[in-house]
Amino acid sequence: MTVSLSARNIVKRYGGVVALSGANLDVHSGEVVALIGANGSGKSTLSKIINGVVVLDGGQLLLDDKPIHFSSPQAAKKLGISTVFQELSLVPQMTVAENIWLTREPLRKAGFVDQKSVHARTVELLALFEGTYKIELHPDATVDSLPPDEKQIIEVLKAICFDPRLIILDEATASLDSRQVQRLFELVEQWKLQGKAIVFVSHRMEEIFRIADRFSVLRNGKTVGAGMMKDINERELVRLMVETVTATNVGQRHRLATKRSDEFPLRLQVEELKTEVLKGISLQLHDGELLGIGGLKGQGQRDLLLALFGDLPYLGKVKVSDELVHFKHPQQAIEKGIALVPGERSKEGLLFIRSILENLLIPSWKQYGFPLKMHKAHKDGSSISSTLQLKMESLDKEVSSLSGGNAQKIVIGKWLLRNPKLLLLDDPTKGVDVGTKAEFYKLLAELVEAGTAVLFYSSDDEELLGLCDRVLVMHDGKIHSELAGELLTKSNLVAASLGASNVSIE
Amino acid sequence: MNRQRWQSVSFRNPYLFALLLFLLALLVNFIFQPNLFQRSILNSNMRVFLPLILLASGQAVVILGGGIDISVGAIVSIINAILASQLGAGASAEKTLLVVVIALLVGMVAGSINGFFIAFLRLQPIITTYATSFLFAGIALYILPEPGGGVPLVISSFYRDTTPLGLPLGLYIILLILIAWYMTRQTRYGRYLYAVGGKPDAAYETGVPVNTVQFSTYVISGLMAALGGVAITLLTGSGNAQVGDALTLASITAVVIGGTALRGGVGGIAGAILGAIILGLFKNIISFANVDLWWQTFVNAAIIVLALAAPGVINLLRRKRI
Amino acid sequence: MKRITISPPVAAVLLAIVLFLLSGLLPNGYGNNLSVALAQATNIIRLSVFLGIIAAGQTLVIISGSEGIDLSAGAVVTLSAIVTYVIVKGQDGNVIPALIAALAIGAAIGFLNGIGIAYLKIAPLVMTLGMAGVVTGLILVAQHGNVSGAVAPLMTRIIARPVFLGIPGAVIIWIIFAALMWLLLERTTFGKKLFAIGTNRTTSRLSGVNVTGMVLLTYALAGMLSGLGGFLVLGNTGVVFINIGNPFLFPSIAAVAVGGTLLSGGKGSYFGTMAGALVLTLITSLLTTMQMPDSVRRMVLGATLLILISIYGRQRGFRQ
């Protein structure tokens with residue numbers, strides 16, 4: 001098979017926000033092109049334009065040297081373009097087999113689905129990842145009962161079940177463990193030999209250098225560089241990805257002032273915390289300490305934070321400020337001085353159609369009496385937004401008018417008025433641009449300096465290494481290791497994330 | 001592992017609750033009415049239950065697809081008005097057939113109107129079908145301003161008395177619906193339906209024609225409502241533009257107690273049919289239990305609310321058990 | 001469809017004015033007679049009061065989001081009208097107790113709605129529709145004993161007659177009511193939380209809002225306002241009959257939609273609903289003047305709502 005795809009000067013706008021303003025991509029049979037860019041650079045948008053999910057506003061797509069316009073994702077699929085999505089396109093209530101073959105079910109005559117064929121071919125596909133499953137995968141298992149890595153594998157199998165010509169892997173390795181990634185890359189090599197073209201969207205350097213033949217870098221919606229992988233190194237790639245070198249953490253540590261934490265009071269004590277996912281977590285956190293939580297996604301980090309915040313039922317002992325507590329609702333946690341910055345800001349942290357002011361004050365309205373003293377509210381809102389260096393038109397504008405980074409500031413900012421004693425953060429810099437990240441780290445440093453206890457989950461190992469003195473790595477619902485001081489290195493973090501048994505001084 | 005298996009069993013068999021309720025209702029009904037299983041009584045019950053069974057089947061398809069149709073009662077009223085006003089007691093067989101076919105087409109047109117606004121203009125199902133329910137009710141009233149009219153005696157007796165092979169006509173119709181449904185589930189369309197109801201975004205990205213699928217569910221609902229309208233006209237033998245009013249809530253209740261959740265993607269028609277029969281049995285129980293006539297409306301309504309509340313209560317108790 | 005740039009409440013008021021001017025051109029309209037026009041306008045506004053207050057509860061539940069709706073409003077209006085009728089028995093002294101009873105009954109039914117919706121997770125559509133059936137059943141039980149009662153002269157005087165400068169008492173009540181609604185929505189913690197839960201329940205919960213409690217309170221409040229509506233409707237008509245509340249249900253929802261309150265929740269205002277109530281009352285009274293049968297009224301109202309939501313209510317499509 002042969003295929004070639006070109007994207008020339010692609011433009012895409014979402015309302016007032018420009019996602020792409022001149023993106024290019026070229027990919028041919030038998031090669032892997034890495035589409036690289038920081039969070040928010042437009043990588044996902046470009047891949048969604050190529051597979052027909054999103055309509056482009058400007059520029060041109062060429063398939064096999066002919067201009068093409070996709071009227072729907074179906075149209076792109078029919079032409080042999082397939083995608084492994086970042087946010088899964090699986091229907092949770094349907095089975096593995098049903099999901100893999102959706103819209104591509106082998107049929108008997110009269111339009112009936114050929115169940116035997118479906119089952120047999122699903123088994124064949126599942127065998128491609130033989131040996132990398134933790135729990136054996138059956139074609140009739142419902143998808144919502146699967147762990148994230150197996151869901152991702154199903155997503156991959158779904159993308160290849162109809163023998164596509166072009167495969168887009170959009171952050172497809174995010175949930176996979178190293179064995180599974182290895183197997184996936186073996187499959188990629190096979191696909192190259194078959195003449196398929198592969199677009200590998202990622203920001204994981206190690207994987208990019210392992211599998212890609214060529215690269216194309218996006219920055220703020222524009223393609224700023226392209227070429228052969230063998231002609232470039234990591235430092236140069238990173239420099240293409242970000243605007244200023246100083247904003248990156250590559251190899252640097254923004255070490256926050258190290259104080260002897262035992263001098264400070266114990267703010268949080270957790271003993272054998274258990275939920276459906278957590279199998280017994282114990283930890284201690286002092287005022288003025290920034291404790292990091294690491295590990296692969298889905299190992300229970302989110303559950304831990306939600307349980308501490310009162311949004312998830314649990315068993316076990318939790319003491320806040322030396323007082324035994326068992327929160328049944330976030331309201332109770334908030335009263336005790338705890339704050340949570342949730343993981344999905346658009347779904348959990350913001351009130352999109354309400355004003356910036358309302359978003360900032362939502363936990364605090366009681367302070368303003370009856371009828372609400374809006375004058376005072378505005379004043380307080382202004383002072384918070386200047387502390388956050390918020391770039392906005394006015395406090396009364398809708399939050400949806402803000403950029404991603406500024407919106408994330410609001411999710412944190414809403415707690416500032418309440419002076420929390422314990423701050424829980426669920427991957428707060430995910431999808432945030434580099435400049436805002438720097439501002440956020442500064443704010444965090446100020447809070448820690450002032451004595452706030454911070455529990456900080458991050459999916460970014462570099463971030464954990466740069467900010468924390470102590471990191472608890474979670475694996476499979478338990479704390480696998482506590483890394484501090486000399487033990488806190490990248491390779492130890494990665495090893496602990498994978499559940500490796502010895503963690504040595506690197 | 002045990003918990004996972006129980007969850008997947010109860011998840012894939014939401015009919016369990018409906019089945020239990022059905023057996024319970026059957027038992028209580030039998031207590032009040034010992035000749036329940038006699039052929040003529042069975043037949044009489046079946047034909048009274050049939051309109052709701054038809055409606056609930058159509059409603060189940062819409063709800064599975066992630067929507068809801070609260071205009072079904074009004075569609076029933078339109079069909080009833082058309083049949084009663086156009087036929088009258090002396091109509092010929094050909095004319096009856098013609099008018100019935102027209103009525104079914106009207107039902108599908110009504111469904112298409114719903115489908116157009118919801119699937120293609122992307123309006124909310126509740127408010128849209130609420131608006132059309134008013135529109136359709138007005139049309140029904142316009143066609144038949146006063147209760148009256150009729151259908152040929154020979155046709156309504158056919159409905160009332162036919163027992164092919166000694167079994168009620170209604171049973172055959174249920175069988176037909178179940179076969180048609182089972183066959184649909186074996187097609188790609190059947191899977192599209194569950195995908196669209198389960199997670200529309202995922203279905204869209206996978207290339208399922210979501211809008212078309214949702215549109216089709218409303219057309220099906222309109223058709224089933226029209227069939228229900230035909231059934232009820234044959235049952236009562238006359239026309240009344242308010243006849244469909246109570247059926248809308250009953251159809252939704254039947255679907256919900258039959259195990260199809262309102263959010264879509266789970267359940268099926270079998271449960272809805274069971275739910276419709278259960279509601280019918282409850283109505284029987286109330287009238288046989290000698291409940292005072294003035295209280296009957298209240299009791300019936302209270303039972304519907306309790307039936308709707310039951311899954312919620314069960315869930316609440318399950319959740320406490322962590 | 002083109003983007004609508006006029007704010008919905010303003011558009012609704014303009015529509016109302018246009019409709020009113022049209023009504024003057026009708027055969028038995030006011031023509032060129034200014035004093036008759038003024039009288040008719042006053043009457044329309046007065047008639048809108050009742051729909052406006054009943055639609056207030058609807059506004060609250062729709063703002064609360066998650067497909068909030070109150071289909072029991074009509075039945076609650078009827079029930080509270082009957083209760084008022086029976087308690088007042090024509091005595092001015094019984095008016096306050098009757099009002100309290102009407103509010104209490106409405107609140108109780110709304111509270112039951114709230115329990116089903118907030119705790120048992122029953123969809124608002126289904127719960128309130130079911131409750132409407134139960135309340136109707138209760139009304140039948142009460143009615144079969146043949147209700148006897150009467151309206152107090154005090155009520156008629158305040159509600160139906162002009163009280164100040166020729167302005168009917170009902171209108172003054174409405175103005176005060178509107179001010180209170182504005183206070184509730186824009187200047188209380190309840191209001192802020194209501195908009196929050198209508199926008200995003202997860203964010204609200206994670207920001208400390210007791211969502212379950214808010215939902216319960218909102219539906220109870222809506223029921224109470226329907227109870228108030230029933231009390232006022234009775235004061236206007238003077239007699240009670242079994243379907244007195246029904247004609248208000250559909251228009252109450254349409255009024256909220258016309259007024260521009262997002263049907264998905266999280267945004268809206270009572271002023272919009274007021275404008276919507278005006279529009280709907282005008283449409284209904286126009287149809288009555290043209291001597292259109294009830295069937296035509298229903299068709300027109302249904303079609304109007306359909307057209308309105310096509311303009312205001314379109315949701316995000318799948319393709320962007």
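## The model

We're looking at a predicted model, where local features need pLDDT of at least 70, side-chain atom pairs count only at pLDDT 80 or more, and totals for chains, interfaces and linings use all residues. Residues are numbered from 1 along each chain as its sequence is written, with chains lettered from A and ligands numbered from 1 in the order in which they are written.

## Two domains in chain A

Chain A splits into domain 1 (4-245) and domain 2 (271-497), with bounds taken from an automatic or database domain assignment. Between the C-alpha centres of these two domains of chain A there are 32 Å.

## The open sheet

Chain A has an open sheet of six strands, ordered E16-E17-E18-E13-E19-E20, with mixed pairing. Strands (E, at least two residues) and helices (H or I, at least four) are DSSP runs numbered from the N terminus, and two strands pair if DSSP finds at least two bridges between them. At the edges sit E16 (338-341) and E20 (478-484) of chain A, each pairing on one side only. From one strand to the next, the twist averages 20 degrees.

Strands E13 (290-294) and E18 (453-457) of chain A run parallel and are joined by four bridges. Ile293(A) has Tyr457(A) as its bridge partner in E18(A).

## Helices on the sheet

Helix H9 (301-309) of chain A packs on the sheet, touching E13, E16, E17 (422-426), E18 and E19 (470-475) of chain A. Its direction makes about 150 degrees with that of E17(A). Then there's helix H17 (490-497) of chain A, which lies across E13, E19 and E20 of chain A and runs at about 25 degrees to E19(A). For these angles, axes are lines fitted to C-alpha atoms, for helices over the stretch in contact, and values run from 0 to 180 degrees between N-to-C directions. Contact means that the C-beta atoms of two residues, placed from the backbone, lie within 7 Å.

## A look at Gln284(A)

Gln284(A) belongs to strand E12 (279-286) of chain A. Leaving aside neighbours within four places in sequence, Gln284(A) is in contact with Leu266(A), Leu268(A) and Gln269(A). The C-alpha atoms of Gln284(A) and Gln269(A) are 4.7 Å apart, though the two are 15 residues apart along the chain.

## Where B meets C

Here 38 residues of chain B are in contact with 43 residues of chain C. On the chain B side, the elements giving two or more residues are helices H6 (125-143), H12 (247-257) and H14 (293-319) of chain B. H14(B) supplies the largest share, 14 residues.
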